[in-house]
Amino acid sequence: MKTIRIRVVQNSLVRLIPWEVGQEAITAERRWEAQDGMCALCDRPIPLEPENKLLQMSQDRTDSANLTYDWQNMRLTHLACNLGKSDATVDEWLGYLALIRQA
Ligand SMILES: [Zn+2]
């Protein structure tokens, strides 16, 4: 069994969640692998041990009205992306990404 430790950041609270403990940790591990380690909001790599706190992993609920962080409703993002998108729509977020990625 893998023993990767994932640092999950939520509301600026850093928690180290071991693989062996709890459904939430298993979901985070499986989600990270399912996303190939990429941020669900910007499609760039999420480092597991970043020096830059803005690149830390953050759990984002796909449906914010659903308070459950389960497989269906949880995706992993960079902390900065999660905080930046906040309650904006997907279209608003994509418009922002298009702007900052202009050459
Ligand atoms: Zn991102």
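Among contacts in the protein between residues at least 6 apart in sequence, what percentage join residues at least 24 apart? In this predicted model, the share is 48%. The protein has 103 residues, and 18% of them count as buried.

The protein contains three helices and four strands. Read from the N terminus, the order of elements is β-β-α-β-β-α-α. Helix α1 covers 22-34, and a loop lies between α1 and β3. Strand β3 takes in residues 57-61. Strand β4 takes in residues 74-78.

Strands β3 and β4 run antiparallel. Five bridges join them. One of the bridge pairs links Arg61 to Met74, a residue of β4. Strand β4 has five residues, and four of them are buried. The strand is therefore largely enclosed by the rest of the structure.

The loop between α1 and β3 holds several residues of interest. Cys42 is placed in this loop. Is Cys42 buried, exposed or partly exposed? Cys42 has 19 C-beta neighbours inside 10 Å. A residue is buried if 20 or more other C-beta atoms lie within 10 Å of its own, and exposed if 12 or fewer do. Cys42 therefore counts as partly exposed.

Which residues does Cys42 contact, leaving aside its neighbours within four places in sequence? The contacts are with His78, Cys81 and Leu97.

Asp36 is found between α1 and β3. Its phi is near 55°. That is a positive value in a residue other than glycine. Asp36 has 9 other C-beta atoms within 10 Å, so Asp36 is exposed.

Asp43 also has its place in the loop between α1 and β3. What is the phi of Asp43 near? The value is near 60°, which is again positive in a residue other than glycine. Around Asp43, 11 other C-beta atoms lie within 10 Å. Asp43 is therefore exposed.

The loop between α1 and β3 thus includes Cys42, which is partly exposed. Asp36 and Asp43, in turn, are exposed.

How values were computed
Residues numbered from 1 in each chain as written. Predicted model: local features only at pLDDT ≥ 70, side-chain atom pairs only at ≥ 80, totals over all residues. Helix = DSSP H or I, 4+ residues; strand = E, 2+ residues; numbered from the N terminus. Pairing = 2+ DSSP bridges. Contact = placed C-beta atoms within 7 Å.
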